[in-house]
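These are my notebook entries on a structure that I looked through for the first time.

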Amino acid sequence: MAVSPCRTAQFILKRFGAAALLLAAGACSTPRVAEPGPLRVAVLSDFNSAYGSTSYEPEVGAAIALVTDEWKPDLVLIPGDMIAGQRPSLTDENVRAMWAAFDSTVAAPLRRAGIPFAFTIGNHDGSGHPGHERDRRLAREHWTAPERMPELAFVDATAFPFQYAFVLDDVFFLVFDASTGAMAADSAQLDWIRRMLESDAARTAGARIALGHVPLYAVAVGRNRPGEVQAEPDSLRRILERGNVGMYIAGHHHAYYPGRRGELLLFSAGALGQGPRPLVGSDAEPFKALTLLTIGPQIREQTVGIVGDSVWTVDAESLPAEIEGVNGRVRRVLLR
């Protein structure tokens, strides 16, 4: 019976060691390593209910079940507002109870399903505005506990959970503190963003994605005003564009809208908690939503609306072709 060259090489390695295998290297070609496939990323945002609430709307549990049982993505991204803080009258015990409720409702099911997740801190989680230092302290306390810190391949986690970077497969993720609209005034963070985008991890990645809470430009009614968007969006956009970031994912506006300005894709995530908002210039009824992104050579998305445990596919063509907000215009894109 003929023995294959690969079987021969395996025998030499086992019997005589690696040095002898070099002599037989020509007998067995090394199998090609498969290129990484597209990364499937679920986006779930703005879970919060009324101030201080330790319970969640039914759509939150239904969305988690959809993600863990059916979508089974490679990663979940959460663009902020996981709890209902930002109220100084709440006690430390209230805030800790809200984080415990988030863990049991959202984070723990994802951990049990073996689905990694990353998040950005929203204004209700730990606002960067003065007067909310307690919320930021308790957010850090919660997320830096070893049993709750996400298992990610961190590039930099020095300022976790407020800003950090990690890599998954061939995608570089940059998470920054956009809990306010004043990012441009945070020169230390801007310097950090530039350094991260110039790092080997970012430069060698096939795609780069940024995640923050407050968006660059306005898309939703009730959020189309200063303070609810970034004060200097174009300067921030140019930093991301120069770093070859493909998409900035944001929450806060409680309205699904896939857009573009310049070279940057701007993804506004729908809300799962209370208060979905209509888009500027649209008379369509607002709805809760979650999204599945496929990140490869191109970014594609599938978004579903959700009521209770019923879902339907949302057609992005039904959204306004462009939105003229208080701080700039965003054009709709179809990521199919």
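**Entry 1**

Contact here means heavy atoms within 4.5 Å. Helices (H or I, at least four residues) and strands (E, at least two) are DSSP runs, numbered from the N terminus. Axes are lines fitted to C-alpha atoms, for helices over the stretch in contact, and angles run from 0 to 180 degrees between N-to-C directions.

I note that this is a predicted model, in which local features need pLDDT of at least 70 and side-chain atom pairs count only at pLDDT 80 or more, while totals for chains, interfaces and linings use all residues. Residues are numbered from 1 along each chain as its sequence is written, and side-chain values use heavy atoms, with hydrogens and water left out.

Two strands pair if DSSP finds at least two bridges between them.

I followed the pairing from S4 onwards. S4 (residues 153-159) and S5 (residues 163-168) are antiparallel and share four bridges; they form a hairpin with three residues between them. Asp156 has Ala165 of S5 as its bridge partner. S5 also pairs with S6 (residues 171-175), again in the antiparallel sense, over five bridges. Here Val167 is bridged to Phe172 of S6.

**Entry 2**

I found an open sheet of six strands with mixed pairing, in the order S3-S2-S1-S11-S12-S13. Its edges are strand S3 (117-119) and strand S13 (310-313); each has a single partner strand, so one side of each is left without a neighbour. Strand S12 (residues 299-307) and S13 run antiparallel and are joined by four bridges. The bridge partner of Val304 in S13 is Thr313. Helix H3 packs on this sheet, touching S1, S2, S11, S12 and S13, and its direction makes about 25° with that of S11.

Which helix packs with H3 (residues 58-71)? I found helix H4 (residues 92-112), at an angle of about 10° and with the axes 10 Å apart. H3 and H4 are therefore roughly parallel, a term for angles under 35 degrees. H3 contributes Val60, Ile64, Val67 and Thr68 to the contact, and H4 contributes Thr105, Val106, Pro109 and Leu110.

**Entry 1: cavities**

How many cavities of 30 Å³ or more does the whole structure hold? The search finds two. A cavity is a set of points, on a 1 Å grid over the protein atoms alone, where a 1.4 Å probe fits but cannot get out; lining residues have an atom within 4 Å of a point. A volume is the space filled by probe spheres set on the points, which are joined across faces, edges and corners.

The largest cavity holds about 100 Å³. Its lining includes Pro215, Tyr248, Ser268 and Val330. Strand S8 (247-250) and strand S10 (264-268) are the elements that give two or more residues to this lining.

The second largest cavity holds about 50 Å³. Among its lining residues are Phe176, Met183 and Leu240. H7 (187-197) and helix H9 (233-242) each supply at least two residues, and H9 gives the largest share, three.

Key
1 Å grid on protein atoms, 1.4 Å probe; cavity = no way out; pocket = protein on both sides within 12 Å on 5 of 7 lines; lining within 4 Å. Parallel < 35°, antiparallel > 145°, perpendicular 65-115°, else oblique.
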